Amino acid sequence: MSDLHISFEFFPPKTDAMQEKLWQTVERLAPYEPDFVSVTYGAGGSTRERTHDTVARLTHDANFKTAAHLTCVNATKEEVNEVLREYWASGVRHLVALRGDPPEGIGEKYVPFSGGYANAAELAAGARAIAPFEISVGCYPEKHPESASFDDDFDLLKAKIDNGATRAITQFFYDNEVYYRYVERAQKAGITIPIVPGIMPITNFKGLTRMAGMCGTQVPERLISLFKNLDDDAQTRQLVAATVAAEQCLDLSQNGVDHFHFYTLNRADLVCALCHMLGVKKNDVRTAPSNTEN
Ligand code: FAD
């Protein structure tokens, strides 16, 4: 038996139809009783109001502990501080503090906004100066694409921790060895906070490949081969995706991972199945999967 922790990430819906879909997803995922859920923040603050509304509904209507993502993009420190104060006043106690991507698009050079927070470490410090938020931050098992080295990445992660972060959530990855190596390196670098794997179940392989390319996530040859010629066969694709995600999560579980952060993309099917297979049954005591060795 082991204690398993799960968290779900959602994005703020744009339309009424997407809103409806999110709430159907939330209803299906709620019985798995996540430790927390989080809501992303659109590039350049473009979803500021929608993120805020979604956080409020998840907190007050669905009764989740909710983490609000916040970025430094296109905003002065005072503007970000105002959002922070609003969050604290409305009962939000957990932030995912991020720098964000360049407003011109991933791959362009990031230039900190004049008078703004330069990166997630500065944002974490700014948030903690306003209120004692719980702070999670991002980290990159395959290195942040803009970083010269893992050492640079770890220096920044350490600065985030010094400034209040107590959990790092990884960028999505599909090769668990990459994650295990990263955790080992991080520990050697003196990083002791939990490094929670971010799990992205595959719904659209083509879209995923494009996004992975931009984020610096390798898509293993094995996956390319598994999804070959399935573009027009959604049902088979979904079964393959479920198998791939289950294999990934079970291997992580068997290697001691006890917290999974799911990038749900506001969809429930695969995430429900993964929680169930990991031993997180609906409204039930959490147990590790029966084939767990440790
Ligand atoms: P940081 O850790 O602050 O910095 C990233 C990199 O920038 C560093 O590794 C370094 O190479 C460079 N850098 C930073 N500061 C300096 C400096 N002072 N000098 C030199 N180089 C520097 N994006 C969104 O827009 N909205 C979201 O809701 C969102 N959610 C995310 C959730 C998770 C779990 C993760 C992993 C990512 C998320 N992202 C989101 C994407 C994230 O914004 C990008 O990956 C962004 O490029 C880096 O953000 P960060 O907070 O990791 O940046």
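**Entry 1: strands.** I needed one term before starting: two strands pair if DSSP finds at least two bridges between them. I also noted that this is a predicted model.

I began with strand β5, residues 134–139. Is β5 mostly covered or mostly open? I found that five of its six residues are buried, so I wrote "mostly covered", with buried meaning under 20% relative accessible area.

Next I looked up the neighbours of β5. Strand β4 spans residues 94–97 and pairs with β5 in the parallel sense. I noted four bridges between β4 and β5. For H94, the bridge partner in β5 is E134. I then followed the chain from β4 to β5. It passes through helix α4, residues 120–130, and this β-α-β crossover is right-handed.

Then I turned to strand β6, residues 165–170. Strands β5 and β6 run parallel, and five bridges join them. Which residue of β6 is the bridge partner of V137? I found A168. Here too I traced the chain. From β5 it goes through helix α5, residues 150–162, to β6, and this β-α-β crossover is right-handed.

**Entry 2: charges.** I reminded myself of the background first. Side chains of opposite charge can pair when their charged atoms come close.

How many salt bridges does the structure hold? The count is 11. I looked up three of them.

I took R48 and E86 to start. Their side chains meet in a salt bridge at 3.3 Å, N to O. R48 lies in helix α2 (residues 48–60) and E86 in helix α3 (residues 77–89), so the pair ties together parts that are 38 residues apart in sequence. R48 has a relative accessible area of 23% and is partly exposed. E86 is also partly exposed, at 28% relative accessibility. I also found a network of salt bridges that links R48, E49, E82 and E86.

My next pair was E78 and R85. Their side chains form a salt bridge at 2.5 Å, N to O. E78 is partly exposed at 47% relative accessibility. R85 is partly exposed as well, with a relative accessible area of 41%.

Then I checked K206 and D231. This salt bridge joins their side chains at 3.7 Å, N to O. Why does the pair tie together parts that are apart in sequence? K206 lies in helix α7 (residues 205–215), while D231 is in the loop between α8 (221–226) and α9 (234–254), so the pair ties together parts that are 25 residues apart. K206 is exposed, with a relative accessible area of 57%. D231 counts as partly exposed at 42% relative accessibility.

**Entry 3: rings.** I searched the whole structure for aromatic pairs and found 10. Which residues do ring pairs link into a cluster? I wrote down F8, F260 and F262.

I closed with charges over rings. The charged end of R57 sits over the ring of W23, and the distance to the ring centre is 3.9 Å. The charged end of R185 sits over the ring of F150, 4.1 Å from the centre of that ring.

Key: Residues are numbered from 1 along each chain as its sequence is written. This is a predicted model: local features need pLDDT of at least 70, side-chain atom pairs count only at pLDDT 80 or more; totals for chains, interfaces and linings use all residues. Side-chain values use heavy atoms; hydrogens and water are left out. Buried means under 20% relative accessible area, exposed over 50%, partly exposed in between (1.4 Å probe, protein chains only). Helices (H or I, at least four residues) and strands (E, at least two) are DSSP runs, numbered from the N terminus. A crossover is right-handed if, with the strands pointing away from the viewer, the path from the first strand over the helix to the second runs clockwise. A salt bridge is a side-chain nitrogen of Lys or Arg within 4 Å of a carboxyl oxygen of Asp or Glu. Rings of Phe, Tyr and Trp (its six-membered ring) pair if their centres lie within 6.5 Å; planes under 30 degrees apart count as stacked, over 60 as edge-to-face and the rest as tilted. A charge sits over a ring if NZ of Lys or CZ of Arg is within 6 Å of the ring centre and within 35 degrees of the ring normal.
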